Amino acid sequence: WALLWGGLFSMISFVPTFRHYRILSLLGIMTTTYTAWFMTITSAVEGPIEDVVYDAPENLEGFFTGFVQLLFIYGGHTSNIEVADVLDNP
């Protein structure tokens, strides 16, 4: 699997300019959105598993720590579009 995915991802090096990279960034946004909806719908249909302890934040700091981690995870896609615009018009 590593060779297969490595070969596919190495094709990104053949993208000629950052203007063309915008299409890949939008594809990343769409696939992330699809994955999020898939996980949400699947978890709603299957429901919680019995005898499992789900950890939740115990205080406000724990909540914001998790929230900031989500922002860093999903905020990377939009920064690529911003870089493409800046490099297009210096």
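Helices and strands are DSSP runs, numbered from the N terminus, and a helix needs at least four residues. In this predicted model, the elements of the chain follow the order α-α-α-α from the N terminus on. The chain holds 4 helices and 0 strands. Buried residues account for 3% of its 90 residues, and its accessible surface amounts to about 8200 Å².

**Confidence of the prediction**

- The mean pLDDT of the chain is 80, and 79% of the residues reach a score of at least 70.
- Among the elements, helix α3, which spans residues 60–74, has the highest mean pLDDT, at 86.
- Helix α4, which spans residues 76–88, has the lowest mean pLDDT among the elements, at 66.
- Where pLDDT is low, the predicted coordinates should not be read in detail.

**Surface and the nonpolar patch**

- Carbon and sulfur atoms contribute 70% of the accessible surface of the chain.
- A nonpolar surface patch of about 1000 Å² is formed by Trp1, Leu4, Trp5, Leu8, Phe9, Ile12, Leu24, Leu27 and Met30.
- Helix α1 (2–10) and helix α2 each provide at least two residues of this patch.
- The greatest contribution to the patch is that of α1, with 4 residues.
- Ile12, one of the patch residues, is located in the loop between α1 and α2.
- Ile12 has a relative accessible area of 41%, and therefore counts as partly exposed.

**Aromatic pairs**

- The whole structure contains 3 aromatic pairs.
- In one of them, Tyr34 and Phe38 are stacked, with a centre-to-centre distance of 6.3 Å and an angle of 25° between the planes.
- Both Tyr34 and Phe38 belong to helix α2 (residues 18–46), where they stand 4 residues apart, about one turn of the helix.
- Tyr34 is classed as exposed because its relative accessibility is 57%, whereas Phe38, with a relative accessible area of 49%, is classed as partly exposed.
- The ring centres of Phe63 and Phe64 lie 5.2 Å apart and their planes meet at 75°, so this pair is edge-to-face.
- The angle decides this class, because planes over 60 degrees apart count as edge-to-face.
- Phe63 is partly exposed, with a relative accessible area of 43%.
- Phe64 is likewise partly exposed, and its relative accessible area is 43%.
- Phe63, Phe64 and Phe67 are joined into a cluster by ring pairs.

- Tyr21 is part of helix α2.
- Its relative accessibility is 24%, so Tyr21 counts as partly exposed.
- The reason is that the buried class is limited to residues under 20% relative accessible area.
- Tyr21 and Val83 are separated by 62 residues in sequence, and their C-alpha atoms are 9.9 Å apart in space.

**Asp51 in a loop**

- Asp51 is situated in the loop between α2 and α3.
- The phi angle of Asp51 is near 60°, which is a positive value in a residue other than glycine.
- Asp51 counts as exposed because its relative accessibility is 82%.

Note on methods:
Residues numbered from 1 in each chain as written. Predicted model: local features only at pLDDT ≥ 70, side-chain atom pairs only at ≥ 80, totals over all residues. Heavy atoms only, no water. pLDDT = per-residue confidence, 0-100. Phe/Tyr/Trp six-rings, centres within 6.5 Å; stacked < 30°, edge-to-face > 60°. Buried < 20%, exposed > 50% of the residue type's maximum accessible area, 1.4 Å probe, protein only. Areas by Shrake-Rupley, 256 points an atom, 1.4 Å probe, with all protein chains shown as cover. Patch = residues over 30% accessible without salt bridge, like charges linked within 9 Å, V, L, I, M, F, W, Y side chains within 5 Å. Salt bridge = Lys/Arg side-chain N within 4 Å of Asp/Glu carboxyl O.
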